[in-house]
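Take a look at it first, and then read on.

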Amino acid sequence: MDHFDYRDGQLFAEQVSLNELAEQVGTPCYVYSRATLERHFKAYEQALGDHPHLICYAVKANSNLAVLNILARLGAGFDIVSIGELERVLAAGGDPSRVVFSGVAKQEHEMARALELGIKCFNVESRPELERLNAVAERLGVVAPVSLRVNPDVDAGTHPYISTGLKDNKFGIPVDEALDVYQQAAALPNLKVSGLDCHIGSQLTDIAPFLDALERLLVLLDRLRDKGIEVEHLDLGGGLGVPYRDETPPAPFAYASKLLERLARWPGGEQLTLLFEPGRSIAANAGILLTRVEFLKPGETKNFAIIDAAMNDLIRPALYQAWQAIIPVDTRAARDAAVYDVVGPVCETGDFLGKDRELAIAPGDLLAVRSAGAYGFVMASNYNSRPRPAEVMVDGERFQIVRRRETLSELRAGESVLEELQ
Ligand code: LLP
């Protein structure tokens, strides 16, 4: 459930009219709802109840400081994949001891900074990474907490670009090799084995692949135990899907209860701290992209609604053929309905936000692209020298610009023309 609803024919974000917001901020802009973010985060908290757990929000999904700060206030941990994300977490008031560091190619300086701050755990993805981390920790005279990201080889049944738990993905350590790598980790003096980790993919709409993965991880934990290696936590990654259209993904409660049920049957399962790294299921439906119709262009075979947002602002439709709902902000005026491809101003045929959408619109009307709170702004670019849009956080009756629109001079910041040769 989210907090974007119609009232008397006008779309609101919580108590704020999007018509009024667009007047003040301009378009395109991303609009997030604090109440929705909180609701989604709390759904995980409540689902885990008394079982020891930490919900590490996946910063990559939406890394705006206001988003991170809202979650930090609720006691969230964070899953980061770069030093840039770690610095954002700090700037937003997040607690480094609740941070897990994922990613296949952590650099030495990134490891050093994370060690200095005392993060909770490094999710290590290969032997060379393990050795690098040990060396960096040794240099700093500390012990690094590690968890191996294991690739359980389960098919998440999701889009190939966002499926990460299969053998032929670059991610993780094959489950069959993991025992060996754990023994290596346990033997390295500046590492401490603290967890086991996996992340099998994103936008999963079924619990079965998660349970398959858990089953394989429990077999591995049994083997580790036989070798005298015990972990404190099990990190099951992110990946829970959201309804973009007619998908019916399990709610965190249904997901967590199945996992807890299975863990209860595993010796020691009650004490095993569970970590999750949800991104999309917290942020996606807590945001929309607000855009205005520039022109309607009837064609021989297609009608186009040309809007002021484009693939550089929201790339998911172009990159993954992702379907996101596009709805009018104001339904009060009488309009004729027609079927449109909703396209942006960028010079690419792939620049669309939706295809074959029935809409009753006129030039100048506002549209909301729904489910845009995750992997929206964070994947925006300056292609075609377009400034990135503003981001706005709604909180009840008020709203705040939490990232102002980029300016034209910022687009050229750091660039220079070639100096004359002497
Ligand atoms: N943990 C790890 C290690 C990940 O790689 C990811 C996402 C997450 C957690 C969070 O997954 P989530 O709960 O959001 O599904 N740009 C794509 C999604 C890429 C996901 C990458 N990894 C999209 O727009 O659909």
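Which residue takes a positive phi just after helix 3? G75 does, with a phi of about 90°. Keep in mind that this is a predicted model, where local features need pLDDT of at least 70, side-chain atom pairs count only at pLDDT 80 or more, and totals for chains, interfaces and linings use all residues. Residues are numbered from 1 along each chain as its sequence is written.

**The whole chain**

The chain has 12 helices and 21 strands. Helices here are DSSP runs of H or I with at least four residues, strands are runs of E with at least two, and both are numbered from the N terminus. The radius of gyration is 23 Å, close to the 22 Å that the globule rule gives for 422 residues, so the chain is as compact as a globular protein of that length. (That radius is taken over C-alpha atoms, and the rule is 2.2 Å times the number of residues to the power 0.38.) Along its principal axes, the C-alpha trace spans about 70 × 70 × 40 Å.

Of the 422 residues, 48% are buried. Buried means that 20 or more other C-beta atoms lie within 10 Å of the residue's own, exposed means 12 or fewer, and partly exposed is in between, with C-beta atoms placed from the backbone. Helix 3 (residues 65-73) gives some names to go with that: its buried residues are A66, V67, L68, I70, L71 and A72.

What about contacts along the chain? Two residues are in contact if their C-beta atoms, placed from the backbone, lie within 7 Å. Among contacts with a separation of 6 or more, 71% join residues 24 or more positions apart.

**Helices that meet**

Two packed helices are described by the angle between their axes and the distance between the axes. The axes are lines fitted to C-alpha atoms, for helices over the stretch in contact, and the angles run from 0 to 180 degrees between N-to-C directions.

| Pair | Axes come within | Crossing angle |
|---|---|---|
| Helix 8 (residues 208-226) and helix 9 (residues 252-264) | 11 Å | roughly 25° |
| Helix 2 (residues 34-48) and helix 9 | 8 Å | roughly 30° |
| Helix 7 (residues 178-187) and helix 8 | 10 Å | roughly 45° |

Angles under 35 degrees count as roughly parallel, over 145 as roughly antiparallel, 65 to 115 as roughly perpendicular and the rest as oblique. For handedness, a crossing is left-handed if the near helix is turned anticlockwise from the far one by less than a right angle, and right-handed if clockwise.

Start with helix 8 and helix 9. F210, L211 and L214 in helix 8 meet Y255, K258, L259 and R262 in helix 9. By class, this contact has five nonpolar, no polar and two charged residues. The classes go like this: Ala, Val, Leu, Ile, Met, Phe, Trp, Tyr, Cys and Pro count as nonpolar, Asp, Glu, Lys and Arg as charged, and the others, Gly among them, as polar.

Helix 9 also meets helix 2. This pair is roughly parallel, with a right-handed crossing. A43, Y44, A47 and L48 in helix 2 meet P252, F253 and A256 in helix 9, a contact with seven nonpolar, no polar and no charged residues.

Helix 8, in turn, meets helix 7. These two are oblique to each other, and the crossing is right-handed. A178, L179 and Y182 in helix 7 meet L220, R223 and L224 in helix 8, and by class that contact has five nonpolar, no polar and one charged residues.

**Backbone spots to look at**

Now for some single residues. The peptide bond from T27 to P28 is cis, with omega near -10°. P28 sits in the loop between helix 1 (18-25) and strand 4 (29-33).

D356, a residue other than glycine, has a positive phi near 50°. It is found in strand 18 (residues 352-360), and D356 counts as exposed because it has 10 C-beta neighbours inside 10 Å.

N384 is not a glycine, yet its phi is positive at about 65°. N384 lies in the loop between strand 19 (366-369) and strand 20 (390-395) and is partly exposed, with 14 other C-beta atoms within 10 Å.

N382 is in the loop between strand 19 and strand 20. N382 is partly exposed, with 13 other C-beta atoms within 10 Å. Leaving aside neighbours within four places in sequence, N382 is in contact with N312, R388 and L411.
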